[in-house]
Amino acid sequence: MRILKFNLNLLCTLSFFLTVGFCAKAQDEEVTTDSLDNVVITGTKFELPVEKSGKSIYKIDAQSIEKNAGKTISDLLNEVPGIQMEGNFGAPGTNINYYVRGGRNKNTLILIDGVPINDPSGIDATFDLRFLPLSQVESIEVLKGGLSTLYGTGASAAVISIKMKEAATEGTHGQIDYNFGSYNTHQISANVNGTEDKLTYSVSGNLLDSEGFSAALDESGAGDFQKDGMNQKNGSLKLGLQVTDQFNLGFSSAYDKFEADYDASAFTDGDNQNNAEQFRIGFAPSYKYEGGNVRLNVLLNTGRREFVSDFPSTFKSKNLQTELIGENQITEQIKTLVGINYQKQSAKQVVSPDEGYDDFTLLDPFASIFWDHPSGLNIHAGIRLNTHSEYGSQFVYNINPSFLLYQANDVNIKFLGSISTSYVTPSLYQLYSFYGNAALQPEQSTNYEGGVSFYLGNSIEFNTVYFRRDEKEPIQFVNQFDDGGNWIGGNYDNTISERVVKGFEADVRWSINEKATFNANYAYVTTDDQTTFYRIPNAKFGAGLTYSATTNLDLSVKYNYTSERTIFDFGTFSEVDLDAYGLVDLFASYKLMDKKFSLYGGVNNILDEQFVSVYGFTNRGRNATLGLSFTF
């Protein structure tokens, strides 16, 4: 019956796509195609047209974000091929995990405005996506594959680069947005930005409050589990001063805070709260000269996490990032990048006021070169030497050729391949906590990729890529038991086991005409060690259609399918298989008064699919958001 339900849902959804698509084509047979101009930066740190990038990069631009108002960053990332987000369908404030190409949080590095951000006090020292509201984001680039040569530790499966909103080039502009929705959720955000002479500025604020629903699943049916909600506050400031035509000074600061209720465990209610806040301040001068530029990024990020429960705990962290980069156009065809990164991570669990921080430092010189040959051959290669204050040095490299074959009638084909090595530094918790091991070595991996992209002007883009990641020295928690089989503790260790992860991804974008765009994607991933693959689906499929019915009315529909997953239930110490599920979302927006006002609304999980995302916890059923935005 479940398979039949999936097939019917998929058939109805695809029928809708095709019907609207052919109607749109009948209305407007002419398709305008211009030269590709979508620029990406994550794969090389150079600004490149997407067709010249030799990496698998998926970009969510400002227009796409606008068509998803009311959603979260996690919701959008869950629709990217090869990414499985866990927790984004749960009660507001549910802990978020992200699995990219079979990797876990620790294998994916988060960047904010090009700078790595993480929480050194966490077990895996990763960034908590619950801090950031989508309303403050300009665009998101997702680079899949290993790229520690450019970004250092954590970039072994993917890099997610989040670009925050910036100032407009002329005058003063801004936006005020309010939306409300299911579970008594209210959100208001505002942004003012502009340019005055040589000064650019952008000020943003966001408030969100949601009553939520019980995070834990109530198997008894009594309905007496209390609701678990979330409150979020965000503020940011970005300034730029063009001192001379060549010299620019940049400054940024942000404060993010959230309070989220959470339950005791699977199927178990609890009156617990997670209070978290972070403050970051950055300084970014840059100097341009003929044939190149030099830029410095200094960012200090501090954080505090408090867990109010029967087992209360408080953690504090500090992360100082300093990176100096020189970019040079050596010849018309060759660019080079040389830099050095210094990072100091500090963290402590607050037990007494005078307790000191545990810390370590990393000093990483790196260099890369990009060769853009007129024949269409592009080669990006790089090296990095990671020097760690605890375990010594780690050398990594990447070689990434691609070839763009120009054909007649605006048809282009790109072939790409890459070999790269990456690493994941042991966290402070894994090194120095009660369960820590100061002798830990970094996790290591080797990534292989090969793919083909097809472009028909700006009307059709098709990408497919095969990947493989060989991991060794994985850091895992090793349980210890007494002779009677009772658990007596454990610690973190570099296990001798190795793991191979492999799979393929494909996505297509078809601009049917000026009114309609269709996209679809499929991703498959597997491993030779299924005991390390819990919670990760082997397959995901997604499809979507956006349609501009008039110059003021935009409509979109999306379908996302997640295959079966296997989890390990620690309550019964046995494996549990979770069924596949497919969700349909609708969104509409209407602009009025010279497009200064926008009325928008969305219905997610419109078919009210009942599914299990996190075992023992609830999910959002059919839910809706309605909002009003004013742009000036």
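Tutor: Let's open with Tyr-492, a buried residue with a relative accessible area of 10%. Buried means under 20% relative accessible area, exposed over 50%, and partly exposed in between (1.4 Å probe, protein chains only).

Student: What kind of model is this?

Tutor: It is a predicted model, where local features need pLDDT of at least 70 and side-chain atom pairs count only at pLDDT 80 or more, while totals for chains, interfaces and linings use all residues. Residues are numbered from 1 along each chain as its sequence is written, and side-chain values use heavy atoms, leaving out hydrogens and water.

Student: What is the mean pLDDT of the chain?

Tutor: pLDDT is the predictor's confidence in each residue, from 0 to 100. The chain has a mean of 89, with 93% of its residues at 70 or more. Over residues 1-37 the pLDDT stays under 50, and the model has 53 contacts for them beyond four places in sequence; a contact means heavy atoms within 4.5 Å.

Student: How many aromatic pairs does the structure hold?

Tutor: A pair of aromatic rings is described by the distance of the centres and the angle of the planes. Rings of Phe, Tyr and Trp (its six-membered ring) pair if their centres lie within 6.5 Å; planes under 30 degrees apart count as stacked, over 60 as edge-to-face and the rest as tilted. There are 23 aromatic pairs here. Phe-131 and Phe-258 are edge-to-face, because their ring centres are 5.1 Å apart and their planes stand at 65°.

Student: Where do Phe-131 and Phe-258 lie?

Tutor: Phe-131 is in the loop between strand S7 (115-116) and strand S8 (137-144), and Phe-258 is in strand S14 (residues 247-262), so the pair ties together parts 127 residues apart in sequence. Helices (H or I, at least four residues) and strands (E, at least two) are DSSP runs, numbered from the N terminus. Both Phe-131 and Phe-258 are buried.

Student: Which residue forms an aromatic pair with Tyr-492?

Tutor: Phe-477 does, edge-to-face, at 5.2 Å centre to centre and 75° between the planes. Phe-477 sits in strand S26 (residues 475-481) and Tyr-492 in strand S27 (residues 487-494), 15 residues apart. Phe-477 counts as partly exposed because its relative accessibility is 30%. Ring pairs also join Tyr-429, Phe-434, Tyr-435, Phe-477 and Tyr-492 into a cluster.

Student: Which ring has the charged end of Arg-101 over it?

Tutor: A charge sits over a ring if NZ of Lys or CZ of Arg is within 6 Å of the ring centre and within 35 degrees of the ring normal. For Arg-101 the ring belongs to Phe-467, with the charged end 4.2 Å from its centre. The charged end of Lys-318 sits over the ring of Tyr-357, 4.5 Å from the centre.

Student: What order do the strands of the open sheet have?

Tutor: Two strands pair if DSSP finds at least two bridges between them. The open sheet of 5 strands runs S3-S8-S9-S6-S7, with mixed pairing. Its edge strands, S3 (56-60) and S7, each pair on one side only. Strand S6 (residues 108-112) and strand S9 (residues 158-164) are parallel over 5 bridges, and Ile-110 has Ile-160 in S9 as its bridge partner.

Student: How many bridges join S14 to strand S15?

Tutor: There are 12, and S14 runs antiparallel to strand S15 (residues 272-283). Ala-254 stands opposite Arg-280 in S15. S15 also pairs with strand S17 (residues 292-308), in the antiparallel sense over 11 bridges; there, Asn-274 has Phe-307 in S17 as its bridge partner.
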